[in-house]
Amino acid sequence: MDYRTRIEDKLTRHLEPVRLRIKDVSHRHAGHAHRRVSDAPEGGETHFSVEVVSARFEGMARLARHRLVNELLADELKERVHALQLRTLTPAEDAAATDSRR
């Protein structure tokens, strides 16, 4: 199973998101030191941008939300995934952000 699918499965199962967007942004990091070592994986799946909208984040500070996501994806971060760019919102925060863009 590819890493994007693993991330999607875990976050869906544990956070029951209203919206989940996962984008492989590994191409932006080609040539970085961690990609030049001999055991660096080829073909991406090392850096992801993840947006999660979930009621599970209600009452949690941003740092706590990010820690939760990192805990859920601990295996992936130990293996191939080098970095996660996270955007974690409650449904109310997402609605407010959508309204402010209109």
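1. A residue counts as buried when its relative accessible area is under 20%, as exposed when over 50%, and as partly exposed in between, using a 1.4 Å probe and protein chains only. By this rule, 36% of the 102 residues of the protein are buried.

2. The model is predicted: local features need pLDDT of at least 70, side-chain atom pairs count only at pLDDT 80 or more, and totals for chains, interfaces and linings use all residues. Residues are numbered from 1 along each chain as its sequence is written, and side-chain values use heavy atoms, with hydrogens and water left out.

3. The protein has 5 helices and 3 strands. Both are DSSP runs numbered from the N terminus: helices are H or I with at least four residues, strands are E with at least two. Along the sequence the pattern reads α-β-α-β-α-α-β-α.

4. The 3 strands form an open sheet in the order S1-S2-S3, with mixed pairing. Strands S1 (19–24) and S3 (83–89) are at the edges with a single partner strand each, so one side of each has no neighbour in the sheet. Two strands pair if DSSP finds at least two bridges between them.

5. S1 and S2 (residues 47–53) run antiparallel and are joined by 6 bridges. Asp24 has Phe48 in S2 as its bridge partner.

6. Contact means heavy atoms within 4.5 Å. Among contacts between residues at least 6 apart in sequence, 70% join residues at least 24 apart.

7. The protein exposes about 6300 Å², with 48% of this supplied by carbon and sulfur atoms. Accessible areas come from the Shrake-Rupley method with a 1.4 Å probe; for residues, only the protein chains shown count as cover.
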